[in-house]
Amino acid sequence: MSLVNVKNVSKKYGSQYALKNLTLSLEEKGQYAIVGASGSGKSTLLYLLGGLDKPDVGEIEVDGLNLGQLSDGEMANYRNTKVGFIFQFHFLLPSINCLKNILLPAEIGVHKIGPVKKQALELAEHLGITQCLKKFPYQLSGGEQQRVNIVRALSLRPQILLCDEPTGNLDSENSVKVTALLQKLAKEFDSTLAVVTHDHSVANRFKQKFVLKDGQLVDGQQSLDVATPPPPPEN
Ligand code: ADP
Ligand code: MG
């Protein structure tokens, strides 16, 4: 069943289209890579899906909610209750420790802290960062900060997990490890996963790919089967 339906969505910045008449859908619990050159609209798509911005034209429906029709308050509630975000650069607040960073979205939202904290502690242990929780972000390595980020995004058990170049500052081996972990956790949590990446080894872990070019899907292609060999070179 489709969880997310993007219908004829366009988004412009000035006279420039970031997304142009885009139509796609994401299945419930599906896992997707979103690929394309820099400037092709990947982040814009992710921000619209996550309710950080609204399309100029077209509709985005998530689990029956039409995002374009939500008030600012409803949109904030949507982000807080349904969406987990992981960005390339870890938006951890420097002045509070990592556990407080992790619990912040729950504290500003409608969640009960107890179960979220329990979930966060379990996840942190699972990811091997329990000893990091009382530290401040600057005391952690990049990899540890990324794990804190993952715990923060997942401890609210989001229905949709949106990741924008989550492994952009990791080497190839660690990129694959973090991606595998995101895929495993999304599966465990029944979350739909969308990962923006320019790293082929990351993209190739996904059966379903959206390829964007100039704000449009390449060939209207929804899902590329990565097992399909590339066509022979033209002479
Ligand atoms: P990608 O993530 O694939 O690199 P983006 O979605 O960030 O692409 O950007 C798509 C296009 O929209 C680019 O041409 C970019 O310059 C433009 N763009 C994105 N965000 C803004 C913004 N806030 N203001 C102006 N132009 C923007
Ligand atoms: Mg981007």
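This is a predicted model: local features need pLDDT of at least 70, side-chain atom pairs count only at pLDDT 80 or more; totals for chains, interfaces and linings use all residues.
View 1. Let's start at Gln16, where a polar side-chain atom sits 3.5 Å from an oxygen atom of ligand 1. Gly41 takes part through its backbone: one of its N or O atoms there lies 3.1 Å from an oxygen atom of the ligand. At Thr44, an N or O atom of the side chain is 2.6 Å from an oxygen atom of ligand 1. On its own, ligand 1 has 560 Å² of accessible area, and the protein covers 58% of that.

**View 2. The shell of residues around ligand 1.** Here you can pick out Tyr13, Gln16, Ala18, Ala37, Ser38, Gly39, Ser40, Gly41, Lys42, Ser43 and Thr44.

**View 3. An open sheet of 6 strands.** Follow the strands in the order E6-E7-E8-E3-E9-E10, and you will find mixed pairing. Strands E6 (83–87) and E10 (216–217) stand at the edges with a single partner strand each, so one side of each has no neighbour in the sheet.

**View 4. The E9–E10 pair at close range.** Strand E9 (residues 208–213) runs antiparallel to E10, and 2 bridges join them. Look for Leu212, whose bridge partner in E10 is Leu217.

**View 5. Helix H2 on the sheet strands E6 and E7.** Helix H2 (residues 72–82) lies across E6 and strand E7 (160–164). Relative to E6, the helix runs at about 75°.

Notes:
Residues are numbered from 1 along each chain as its sequence is written. Chains are lettered from A and ligands numbered from 1 in the order in which they are written. Side-chain values use heavy atoms; hydrogens and water are left out. Two strands pair if DSSP finds at least two bridges between them. Helices (H or I, at least four residues) and strands (E, at least two) are DSSP runs, numbered from the N terminus. Contact means heavy atoms within 4.5 Å. Axes are lines fitted to C-alpha atoms, for helices over the stretch in contact, and angles run from 0 to 180 degrees between N-to-C directions. A residue is near a molecule or strand if one of its heavy atoms lies within 4 Å of it. A polar contact is a pair of N or O atoms within 3.5 Å; within protein, one must be able to donate a hydrogen and the other to accept it, and residues adjacent in sequence count only if both atoms are side-chain atoms. Accessible areas come from the Shrake-Rupley method with a 1.4 Å probe; for residues, only the protein chains shown count as cover.
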